[in-house]
Amino acid sequence: MTTPSSALTPRIGPAQGTALYVSALLGAGVLVLPGQIASLAGPASLLSWAFAAAMGVPLAVVFAALARRQPDAGGVATYVGLAFGRTAGGVTGWWYFVAGSVGQAVVPLTGGYYVAHALGGGPVAAYAVAAAILATATVANLAGVRVSGPVQLGLAGLVAVALIAVVAAAVPQASVDRLTPFAPHGVAPIGAGVVVLFYAFAGWEAVAHLVGEFRDPDRDVPRATAITILVVTALYLGVAAAVVLTGTYGGASVDHVALGLVLQGVLGGAAAPVAAAVAVVISLGTTNAFVAGVSRLGLSLARGGWLPSPVATIRGGVPVGGVLAVAGTAAATLVVSAGAGWGTETLVVVPATLVVAVYLLAAASGLRLLRGWGRFCAALTVLLTAAVVPSAAGHVAVPLVVSALALLSRRALSAPAAAPRPCRPG
């Protein structure tokens, strides 16, 4: 399932790589999870964030080590294939491709909710904004990394500035008195919060598909990884502390727009539109990064016979087929969701469950493929990811159904064409 590195020109430097990583990790979760986890565990939710941030370190090391060992557009599918065989790799590729594509309906819709709230609109407005975010990210990726890369760098900078602004706005309203009682609901919710936050620190695998396009992977991937760990940890902990120390949590109506409510203490009536702008920037940056990464996986899967051959189309160094496949799947998900009246809380079940399965197999692959520090981090990641599995057990049908579709697709695409029937003479 290997994609030749010459097919896609290496153009990504350390700055752009860091921007891609930061945008992939600083996803829509930062808009809702600080309030949600605070409602769950109280001020002790800060321990959940700290532990989750520490947990993301071995995961980042594993994916960086695997990507440097095998820089390939197939990313996690390639790693699992090398460790456990082509069938396992192909099925894992399908898991992540579906997760990444459906996720690009969830992320833009989160931004859509913030805009709809600011405008006083309903679900129609939210879905319209989501469609616009998805279309923008698609166009940027079709234009190629020369355009998408600078766009991503700018978006990552804007996200960082916006979150710093939220933290700064919280300072005049913050009070250490809100840290007591520290664990009003006991110790158990702290661990439950870590499980939820596991997904907030997901995203390393998305950019792994792009490692083959780094100009100097051995130098730039470790740099981008280290910088991203520091930046993301600082921003997440800062925003979580802002929500806790201002007491901006308690119920879904507050938790879903917590950042906007923190800003309200400083900006007043302007807080809602400012928060909406922040949400759009974050959603667009995340969508742009994931469309870029998952499209490369689609290219690799198509070349390996797991997706239709048009998905492998490359034009001007851009995996056009992969970008359109991801965008098309996301758009179809938005349409179905709008028709069925589903929200992000329903849609997120699919990518969340599939990502748990992907991470478990990817870390297991690291145990077989890596040595030294990378192997140690892989073992640690297996243990930590296994702890998340029980929370996804209720949705085990999701990876089973996707696995069946992957195997059926593989069989259909590899089946020889039926020979034409001989013509009988008149």
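In which helix does Tyr-96 lie?

Reply: Tyr-96 lies in helix 5, which covers residues 86-119. This is a predicted model, in which local features need pLDDT of at least 70 and side-chain atom pairs count only at pLDDT 80 or more, while totals for chains, interfaces and linings use all residues. Residues are numbered from 1 along each chain as its sequence is written, and side-chain values use heavy atoms, with hydrogens and water left out. Helices are DSSP runs of H or I with at least four residues, strands are runs of E with at least two, and both are numbered from the N terminus.

Tyr-96 counts as buried because its relative accessibility is 1%. Buried means under 20% relative accessible area, exposed means over 50%, and partly exposed is in between, with a 1.4 Å probe and protein chains only. Val-402 is 306 residues away from Tyr-96 along the chain, yet their C-alpha atoms are separated by 9.9 Å.

Next come the helix pairs. Two packed helices are described by the angle between their axes and the distance between the axes. Axes here are lines fitted to C-alpha atoms, for helices over the stretch in contact, and angles run from 0 to 180 degrees between N-to-C directions. The axis of helix 5 comes within 7 Å of the axis of helix 4 (residues 76-84), and the two cross at roughly 155°. Helix 4 and helix 5 are therefore roughly antiparallel to each other. Angles over 145 degrees count as roughly antiparallel, under 35 as roughly parallel, 65 to 115 as roughly perpendicular, and the rest as oblique. The crossing of helix 4 and helix 5 is right-handed. A crossing is right-handed if the near helix is turned clockwise from the far one by less than a right angle, and left-handed if anticlockwise.

Helix 16 and helix 17 (residues 372-386) have axes that come within 8 Å and cross at roughly 150°. This pair, helix 16 and helix 17, is therefore also roughly antiparallel, but its crossing is left-handed. For helix 12 (residues 258-267) and helix 13, the axes come within 8 Å and cross at roughly 135°. That makes helix 12 oblique to helix 13, and their crossing is right-handed.

Helix 16 also takes part in a pocket. The second largest pocket has a volume of about 180 Å³. Of its twelve lining residues, the closest to the centre are Val-356, Ala-357, Val-389, Val-396 and Pro-399. Helix 16 (349-369), helix 18 (389-392) and helix 19 (397-414) each give two or more residues to this lining, and helix 16 gives the most, with four. On a 1 Å grid over the protein atoms alone, a pocket is an open set of points with protein on both sides within 12 Å along at least five of seven lines, whereas a cavity is a set where a 1.4 Å probe fits but cannot get out; lining residues have an atom within 4 Å of a point. Grid points are joined across faces, edges and corners, and a volume is the space filled by probe spheres set on the points. By class, the lining of the second largest pocket has ten nonpolar, two polar and no charged residues. Ala, Val, Leu, Ile, Met, Phe, Trp, Tyr, Cys and Pro count as nonpolar, Asp, Glu, Lys and Arg as charged, and the others, Gly among them, as polar.

Two prolines lie in loops. Pro-181 is in the loop between helix 7 (145-170) and helix 8 (188-197), and a cis peptide bond with omega of about -5° joins Thr-180 to Pro-181. Pro-319 is in the loop between helix 13 (271-303) and helix 14 (320-340). Pro-319 counts as buried, at 0% relative accessibility. Leu-142 is 177 residues from Pro-319 in sequence and 7.9 Å from it in space, C-alpha to C-alpha.
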